[in-house]
Amino acid sequence: MLTSVLALPLRRSAWPQVPARYWALADQALVSGTTFLTNLFVARGLGLSIFGEFSAWQMGLLLLLAVQGALITQPMQVVLATVPAAHRPAYRRTLLGLQAAFGVGAAGLTVGAGLLLRPQAGAVLVAFLVYLGAATLQDTVRKLLLAEDRVPLALLTDAVSCGGQLVVLLGWAATGRAATLPAVFWVMGLTTLPALALGLPALLRGPAAGPGWRAVVRQHWPQARWLLPTALLQWSSGNVLLVLAGLSTPLATLGILRLAQTIMGLFNVGLQAAENYVLPRLSQSRQRSEAEFRRQRARLTRLMLGLAAGPLLALALLAEPLVRWVQSQEAAHSSVLRWCCLLYVVILLVYPLRLTVRLLPSARPYFVGYALSIGFSVLSARWLLTHYQATGVVLGWIGAQLVLGLYWSLILSRRPSFQHPHG
């Protein structure tokens, strides 16, 4: 009986006939919304100092996920379309085996870094390791399901994980019982285990005959060798201006920037959905027809801009009351949130270029673009912070995006089949 119940989500006919892209968007909305609510819970319930420590651990996890993405999931999103159907079960198993090896290495690095930087954080470190192992594995399972067009199952696994997490956190908030940072990490890790129990069996089915780990590594390496340093640059480019702002400006400046990042993080829903779901489809459409590839890319651009226009305009108009509601003493800095709205317009315009560059045979232009953008951020940081404080950080982010767009446009203009990403 239990086996038949668990098998229900795997049958496509059991789900309403909704286009897969909407399932993908709903999935990313669920994940991003849960992250947003969890951040608010920790900041309000545990205090700003604990929230700062929580953010530091999370930044470490994001760095590890960026490395994992560069080595495993991002190459998979492009390579999967080229793997024969008969070999895909073996490819999936090998990919998950590589993921397990990465998880063990990531845990070892985390233990070493944790004991070195915070020797007294033993309870937090143990809880974080459980969360780390579950979160990194679930990230690969989810992205593999999305790439294989099993989007409803990906949504179900995330609903189980996120739903359990939110129920426990809301229970704490409703009862007024004090939570601790280790307890939060235990909840985030343990509520992911049922999701893995749903997703992993679907990916481990099928014959084992097919490419081994050496073949998979060879397939991934042309992308991974450039994606890995690019991932490190991306992580740095998102944080270097924040670090410099924290060192050279009052803590209030850093606080409003983190607040703006948290609020604007809601707009990453569509961007992450495009990365996880649309990129494999763009790769498949290019395999079939250049004309179909261009049409699909142009349609994506129009869709993203159309969906974002209303919320961005509303956020710009309501920036001051929103900032006052979250943190009343920082209402004077609401202009930072308005500049972030402009930043996301630029990001949306550059995003089709980003996805197109990902489809090039070599990931070198992807890496060089981020190298140029972080160079711009470092060189302009002092002047921007001196003259514009918190707004200067956002202006630096906008400038970095423009550098990316200009460089990628130049690269793609030399490749006729990839031209005109906006039409």
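**Entry 1: terms and model**

I take a helix to be a DSSP run of H or I with at least four residues, and a strand to be a run of E with at least two, numbered from the N terminus. By that rule, Val403 has its place in helix H15 (residues 364-413). I note that this is a predicted model, in which local features need pLDDT of at least 70 and side-chain atom pairs count only at pLDDT 80 or more, while totals for chains, interfaces and linings use all residues. Residues are numbered from 1 along each chain as its sequence is written, and side-chain values use heavy atoms, with hydrogens and water left out.

**Entry 2: helix H15**

I looked up how open Val403 is. Val403 has 22% relative accessibility, so it counts as partly exposed.

From C-alpha to C-alpha, Ile411 and Pro365 are 7.3 Å apart in space, although they are 46 residues apart in sequence.

**Entry 3: cysteines**

How many disulfides does the structure hold? I found zero (a disulfide here is a pair of cysteine sulfur atoms within 2.5 Å). As background, a disulfide is a covalent bond between the sulfur atoms of two cysteines. Cys340 is in no disulfide, and the nearest cysteine sulfur to it, that of Cys341, is 7.2 Å away. Cys341 is in no disulfide either, with the sulfur of Cys340 as its nearest cysteine sulfur.

Are these two residues buried or exposed? Cys340 is buried, at 3% relative accessible area. Cys341 counts as buried at 6%. I place Cys341 in helix H14 (residues 334-358). The C-alpha atom of Cys341 is 9.9 Å from that of Val394, which is 53 residues away along the chain.

Two packed helices are described by the angle between their axes and the distance between the axes. Here the axes are lines fitted to C-alpha atoms, for helices over the stretch in contact, and angles run from 0 to 180 degrees between N-to-C directions. I call angles under 35 degrees roughly parallel, over 145 roughly antiparallel, 65 to 115 roughly perpendicular, and the rest oblique.

The axes of H5 and H6 come within 7 Å and cross at roughly 155°. That makes H5 roughly antiparallel to H6.

The crossing of H6 past H7 is right-handed.

H6 has 25 residues and reaches 35 Å from its first C-alpha to its last. That is close to the 36 Å expected at 1.5 Å a residue, where the expected span is 1.5 Å times one less than the number of residues. Gly176 follows H6 and has a positive phi, near 75°.

**Entry 4: two loop residues**

Where is Asp149? I found Asp149 in the loop between helix H5 (122-147) and helix H6 (151-175). Its phi is near 70°, a positive value in a residue other than glycine. Most residues other than glycine have a negative phi. Asp149 is partly exposed, with a relative accessible area of 26%.

Leu80 is in the loop between helix H3 (48-79) and helix H4 (88-117). It counts as buried, at 3% relative accessibility. The C-alpha atoms of Leu80 and Leu144 are separated by 9.1 Å, the two residues being 64 apart along the chain.

**Entry 5: helix H8**

Helix H8 (residues 193-204) has twelve residues and reaches 16 Å from first C-alpha to last, close to the 16 Å expected. Which residues of H8 are buried? They are Ala195, Leu196, Leu198, Gly199, Ala202 and Leu203. Seen down the axis of H8, they fall within an arc of 165°, so they line one face of the helix. The arc is that of the directions from the helix axis to the C-beta atoms. Gly206 follows H8, and its phi is positive, near 110°.

Notes:
Buried < 20%, exposed > 50% of the residue type's maximum accessible area, 1.4 Å probe, protein only. Left-handed = near helix turned anticlockwise from the far one by under 90°.
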